[in-house]
Amino acid sequence: VRFNIESEEAENRQHEACSRDIQRVMDILMRQGQEEAGGHRSSDDKVKAVRILTMCSLQNPYFRDRIGTYEKGKVLGQIISMLDSMSNSSTSSQNRRGGGATEDILVAPAAGAATAAEAIWILSFNNKFNHGYFVENGAIEKLSSIIKLLSFLVQQHDTQNISRMTSTAESNNSNSNNKERILLAAMWSAAALQNLAASYCATDTGHCWWLYDHDARPPKGGGLYLHPQSPLSIDGSMAAGRISQDEDLMIWLKDQVCKGSRSIGSNSSSSAAGDVITSLATIHDERQLSSKITTWSMAGLLKNLALYHSSKKAPMDAVNCLCVLTASQDWLEASKASDALYRLGRDPEDCFQSSHDQDL
């Protein structure tokens with residue numbers, strides 16, 4: 001599909017291509033999975049197949065459903081399996097905290113994990129079967145492990161090993177892209193957890209219309225409630241509760257939203273709340289990428305954890321940094337921070353003033 005044609009024509013061409021070839025792409029993915037189970041090495045065709053499925057699923061609930069229900073979720077299972085080696089590397093690194101980066105970390109297939117996490121992000125959106133399958137088949141734990149792997153490497157200050165992370169099947173010429181791959185894997189893992197933590201409603205888009213009643217805020221009541229014309233269809237509270245039980249992950253989420261190279265905004269009130277990282281999410285140059293690229297997705301995860309009493313502690317702990325993030329020039333960061341604050345009953349225009357009043 002050419003980038004310069006009318007969007008409606010591009011959409012029609014994409015729908016035609018996906019309708020024609022999606023069965024064949026799913027068959028390729030399943031065949032690759034069977035070959036791996038038989039001891040063969042992973043093929044680039046598997047990553048390419050998942051990328052095509054992701055493209056077909058964007059803005060298209062029909063293909064999301066068709067992909068998910070293929071042989072009762074077997075394609076989804078293959079996508080989850082692409083997270084395994086990288087999440088296992090995280091588990092190994094956590095067990096060897098004193099020893100620095102290990103060899104199994106260096107062979108982690110970051111490109112495949114990033115592709116799989118992005119697929120989970122879109123396939124879980126407003127699809128009850130897919131959402132439930134991912135939650136029930138270990139996706140939450142594996143995605144969380146990938147994010148914590150980045151945390152481990154950053155804490156070790158082992159930038160050389162971050163840049164060397166690659167699959168043994170990849171050539172040495174691709175090493176310059178490895179830092180980008182691990183960062184993208186962490187970014188998409190947080191985005192996938194964001195959508196697994198979300199609840200969905202019977203509206204045209206699947207989004208829920210959340211409202212906050214300040215007169216009913218705790219201890220009198222919950223404050224946050226659903227608009228009557230936005231009935232719940234998929235409840236994400238169980239997934240959010242499981243995500244929030246990972247204390248190491250919650251600490252890392254707050255750290256990523258709060259730390260940064262410089263303040264957002266120039267006035268004293270925003271600077272007083274602390275520094276947060278500015279957005280580099282639009283830069284596609286591995287020489288400039290850093291963990292800052294993950295900010296929008298981690299703020300988005302905090303936004304959805306703020307929906308439920310069982311998981312709102314982490315966003316509450318990060319509230320001052322979310323206040324600052326609302327001033328980001330990146331619309332994803334700013335909008336997700338604003339939504340998180342709204343769901344916590346905080347007004348972005350008042351949060352700095354409230355913090356100042358408490359200090360007094």
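Author: A helix crossing is called left-handed if the near helix is turned anticlockwise from the far one by less than a right angle, and right-handed if clockwise. The model here is predicted, so local features need pLDDT of at least 70 and side-chain atom pairs count only at pLDDT 80 or more, while totals for chains, interfaces and linings use all residues. Residues are numbered from 1 along each chain as its sequence is written, and side-chain values use heavy atoms, leaving out hydrogens and water.

Reader: Which hand does the crossing of H1 and H4 have?

Author: Helices are DSSP runs (H or I, at least four residues), numbered from the N terminus. The crossing of H1 and H4 is left-handed.

Reader: At what angle do helix H1 and helix H4 pack?

Author: Axes are lines fitted to C-alpha atoms, for helices over the stretch in contact, and angles run from 0 to 180 degrees between N-to-C directions. Helix H1 (residues 7-37) and helix H4 (residues 74-81) pack at about 55°, with their axes 10 Å apart. That makes H1 oblique to H4; angles under 35 degrees count as roughly parallel, over 145 as roughly antiparallel, 65 to 115 as roughly perpendicular and the rest as oblique.

Reader: Which residues in H1 and H4 meet?

Author: Contact means heavy atoms within 4.5 Å. Met26, Leu29, Met30 and Gly33 in H1 meet Lys74, Val75 and Gln78 in H4.

Reader: Is Gln59 buried or exposed?

Author: Buried means under 20% relative accessible area, exposed over 50%, and partly exposed in between (1.4 Å probe, protein chains only). Gln59 is exposed, at 75% relative accessibility. Its place is in the loop between helix H2 (44-57) and helix H3 (61-69).

Notes: Helices (H or I, at least four residues) and strands (E, at least two) are DSSP runs, numbered from the N terminus.
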